[in-house]
Every structure is written in C-alpha cells, then in structure tokens.
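Welcome, and thanks for taking a look. Please open the sequence and the structure side by side, and we will walk through them topic by topic.

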Amino acid sequence: MTRPDKTNGSSTTPNGGPAMQAKKKVRLEVPSRFYGTPLPGVRLEELSGTLFVLEGTDGSGRSTQISLLTEWLESEGFAVQTMGLRRSFLVGQDIDALMAENSVTRTTLSLMYSTDFFDQLERRILPALRSGLIVLADRYIFTLIARSAVRGIGRDYLHGIYEMALRPDLTFWLNVRPEIAFDREFKKAQTISYWESGRDMSLSNDLFQSFIRYQSLIKREFEYLSKRHGFIELDGEGSVSEVNRVLRKRIASHLGIRSTHYQPSHALSHLWR
Amino acid sequence: MVMLHIFHNGFTVQKYDMRLHSGAFHMAITFPNIPATEDAAPVKVAATKRQYPGALVVVEGIDGSGKSTQLYLLKRWLEIGGYRIHFTEWNSSPLVKSATRRGKQRRLLTPITFSLLHAADFADRCERQILPLLHGGYLVLADRYIYTAFARDAARGCAPRWLRNLYSFAPVPDITFYFRAPLDVAVNRIVAGRPKLKYYEAGMDLGISLDRAVSFRIFQERILSNYDQMIETDNFILMDGTVRVNKLQKLMRQIVGERIDLGQFAPKKK
C-alpha cells in the first residue's frame, strides 16, 4: 500500500499555537460540520435537524437503545429518521452478497461500505436534517474506519475518505468488554458470525479466541477514535434502562427537552431489562 | 513539456519533429492558460521503488481519442510475440457490476457515490488482478486507470485532493500514454458511432444542458482540461490522436521498448 497524503485533517490549528502543548495527546478535532472538504452541494444553514450517533460492537445494545430512543423522542413530538450499515438502496444488498462470498478483498469491501454510507448520507440523512428531523445513526463512520484500520488500511487514508461526512452533534460509544459482547451475541444467535469474529484476518482457528482478539483490536481503535472525536463513552454493560436514562439525559439537554421521564410502551417493554 | 518527455525517453527530437511540433503548437493554441483550481497545489507523485518484478502500462484520454485502438494493437503485438501480458480495462469487475447497473438505471448516483463505486470496482481489480500479476512478473496493460477517475470525477465536482487519497492504494504506472485528440474530433468519433449517449456518460447528472449532445461535449471538454493538467504532475507521454493509426502504433511500440525491459516478459527459450 502506498502511504496516503498526510494532508488530511491536520489543518485545525491555523496559528500553530494552543495545540502545540498537547502534542503527546491525541488531538481533539475542532468542531465544524464537516471533517474536511465539505460534501458538494450542501448548504449548512439548511440543516436544522440533529444527528446523534450510537457506536459500539455487536452485542453492545445499540439497536435496543435506538428503538427505545425513537419511541421516547416521538412521544416528545420529534420526528426521527434512522440509518445503519448496509441499509442503502444503492449497494446494501450488494455488500451482503459480497460478504457471503470469500473472494472480496479488504479495500473493495471498505469502499463498498463507504459507498453505502455516502448514499445514505446524501439520500436519507441530509434530506432528513434539512427537514429538521432527529437522525439516530446505528453506527457511523467510526465503525467503518475501525474495521478497515485493523485490517491494515491506513488511518489517514480512511479519514481522508470520510472527511466529507457530516460531523454528528453527539456520538455515544456503548463500550463493552469483548467477553460480554461474546456472551450476548451467542445468546442472541446461538453462533458467532464470520465477520464479527474477524475470521478473514486469520487470528485464531478457535472461534472464541478469534472473536476476542478481533474485538479487542476494534476496541483499541475505538479508544483512539474516542479521544480524537470526543465520544461520550457509556458503560454498555449497564442495564438497558440505566444506559437509556443516561442517553435521554444527554440528548434532552442537547435538544432542550425538560422532562426525561420515559416508560416504554407495551410494544417495547420486552427490551426493558 | 512535450520535448522533455521525449528527451527523457531517449528519443531523438529529429525523428519525431513533426509530431512534436504539431502537438506543442496545438497545446499553445487551445489551452493558453489552464485554469487554476482550488487544489492547484502541485501533486507530488511518489517516486517509490517498485516492489514487484512486473510492469504496468496504461492508456488514458477522453472517449474517442483513439487510446483503446492503440492499446489493442500494442496488446496484439505483445501477444503474437508470446510475452507474459495481461490486459485489463476500467469498469469490468463483476463484483460491483449489479450495483453500478442499478445506480445508473435508476439514476441514483451522486458525484460522490459514483466516484466511490468506481473506486470499489477498481480496488477489486487492483487487489485481485493487477497487483498479483505485477508481483507475478507480468506486463499489465490497462485501458484507463486512476487518471480517468481524477479527470472525470473532478469534472463532476469531487475535490481533486479527496480523489488522490481515494486511489492512493494504486501502483504508479511505468508508462502512462495520454492520447489527445481535439475535442471536436473526439466528440464526433463518439457521436457518429453511437445511436444514443448514455445518461452518465453524457454528464446529464450535472444538469449542464438538457440536450445530451451538448452536455456530452461540455463534460468532455472539462475532462480534457483536467487531463491536460496532469501531463506534468503525472508524467504522461502525450500522444497525438490525430496521427495515422499505424504511425502512432509504431511510436507507441518504440516507447514501450525503450522504457521497459521487454526481455523479462519474453517467452522462455528452450
């Protein structure tokens, strides 16, 4: 692999002043709606909605929390749009097909995911934000960057591709230990998926070992990303209701909602553990 | 700049005097000042030491510039001679074909997703064909390469710097032939041979004009100008697409022979 340009995302300190002293630390990016080059044809003043991102591995409880938050926000009178990986009309099903084969290579898969992401960003998220909706993203560019980075694709390269992504208003990281994620996933599916255990990386022939090692690598990437992008880290091992309470509190204060009281409806009560 | 390339190749100026002069003259007339873009900062092309025994020869140029014909003839020459070669072309990977087709049919593609999908397609070809073949000691011939994406996707509005990063995994070619024909010649060749220009091919997604022929011409003009800006930054060898086919092919074969040690791809003697 050729090393990508060093120019990506490194121009946040115009005067070279304050950031110098924090040289040892991972630099926290200066907030602006985009990470770098803006997406063509987007006028920022049009975007009146809010983008919240939930990140975390499989088994961290993201989807559960998104269902509950959607219900809560709707009950508060906010319209919600969701997004997630492989849900684009353009290439969602193609990625499923690629992953079912064993012939796809890392860069191709990584770029198919980027296509999937930007298709959803341009055709689903931006229109929703223009209409003032709340967008809840079940994973975002961070999972995509982490997965590709642990497979040896350069971080600068990846940040360069996603510099046109919209910066979330808040990013929550549901952090769980790989062992706990394993228990939860196994309970849910009675097996461990090929990709979630990183079997394409030949880490171990033992599936449990492979899963733990792969998820540990991903977690390390997330620790780095968390510092760089200012994630709100939550204990994903807490109970659903406790995690949900913290999420509601942060989101409510961001949106200016006074009451954070919420009790799931009958339809969702099975999630409330 | 044309002169420089030829000197660099070790050719005598005398020999290609006519072609050179007409080429240089043409450049001077048609493009007196190439517009500077926001990303006009010179792009450094990494002069990395090759990590593989193979070699890569690519042809670039707008539609109708004659590049495919010339590469085909080069390929025939090498094939007949029994050389270890592989031919690859842009947009041919079956892996992402269905997505590309769906996107084009339903006109779902934006400049960014158009670009990313083609990059995914190229990555597949690169990782599964081009790189293994280069490592396996093949002479790889590519009809269009990353410069097609740089010229075309920038014409659609993608930032050049973003595109450079996107394709930074691609090996740098040993030779890049840039076939250049005047816009009218190229456009006429395409329009005459095709009943209807396709939507994306004509750049209709840019909303330049409702008339496909007009849109196509303006789109090609932008691409041509983007190509011209890469002549120096990416060491293109400029080939005059209006020169007679066999004469141009003779020149192309000579340049390949000069720049690449063809012996290493020759059939093994018994």
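Which strands of chain A does helix H8 (residues 240–255) lie across? Helix H8 of chain A lies across E1, E4 and E5, running at about 170 degrees to E4(A). Angles here run from 0 to 180 degrees between N-to-C directions, and axes are lines fitted to C-alpha atoms, for helices over the stretch in contact. This is a predicted model, in which local features need pLDDT of at least 70 and side-chain atom pairs count only at pLDDT 80 or more, while totals for chains, interfaces and linings use all residues. Residues are numbered from 1 along each chain as its sequence is written, with chains lettered from A and ligands numbered from 1 in the order in which they are written.

**Chain A at a glance**

- Chain A holds 8 helices and 5 strands; these are DSSP runs numbered from the N terminus (helices are H or I, at least four residues; strands are E, at least two).
- Read from the N terminus, the order of elements is β-α-β-α-α-β-α-α-β-α-α-β-α.
- Of its 273 residues, 40% count as buried (20 or more other C-beta atoms within 10 Å of a residue's own; 12 or fewer is exposed, in between is partly exposed, and C-beta atoms are placed from the backbone).
- Taking contacts in chain A between residues at least 6 apart in sequence, 79% join residues at least 24 apart; a contact needs C-beta atoms, placed from the backbone, within 7 Å.

**The sheet of chain A**

- The 5 strands make an open sheet with parallel pairing, in the order E2-E3-E1-E4-E5; strands pair if DSSP finds at least two bridges between them.
- E2 (80–84) and E5 (232–235) stand at the edges with a single partner strand each, so one side of each has no neighbour in the sheet.
- From one strand to the next, the twist averages 20 degrees.
- E1 (residues 50–55) and E3 (residues 134–138) of chain A pair in the parallel sense over 5 bridges, and A:Phe52 has A:Leu136 as its bridge partner in E3(A).

**Helix H1 of chain A**

- H1 (residues 62–75) lies across E1, E2, E3 and E4 (170–175) of chain A, at about 170 degrees to E3(A).
- Buried residues of H1(A) include A:Ile66, A:Leu69 and A:Trp72, and the buried residues of this helix pack against E1, E2, E3, E4 and H8 of chain A.
- Just after H1(A), A:Gly77 takes a positive phi of about 95 degrees.

**Helices H3 and H4 of chain A**

- H3 (residues 106–130) and H4 (residues 141–150) of chain A pack at about 175 degrees, with axes 10 Å apart.
- That angle makes H3(A) roughly antiparallel to H4(A) (over 145 degrees; under 35 is roughly parallel, 65 to 115 roughly perpendicular, and the rest oblique).
- Among the residues making this contact are A:Tyr113 and A:Phe117 of H3(A) and A:Leu144 of H4(A).

**Chain B**

- The contact between the chains takes 30 residues from chain B and 30 residues from chain A.
- On the chain B side, H5 (111–135) is one of the elements giving two or more residues, and H5(B) supplies the largest share, 11 residues.
- B:Ala149 is found in helix H6 (residues 146–155) of chain B and is buried, with 22 other C-beta atoms within 10 Å.
- Leaving aside residues up to four places away in sequence, B:Ala149 touches B:Ser115, B:His118, B:Ala119, B:Leu163 and B:Tyr167.

Definitions and conventions
Two residues are in contact if their C-beta atoms, placed from the backbone, lie within 7 Å.
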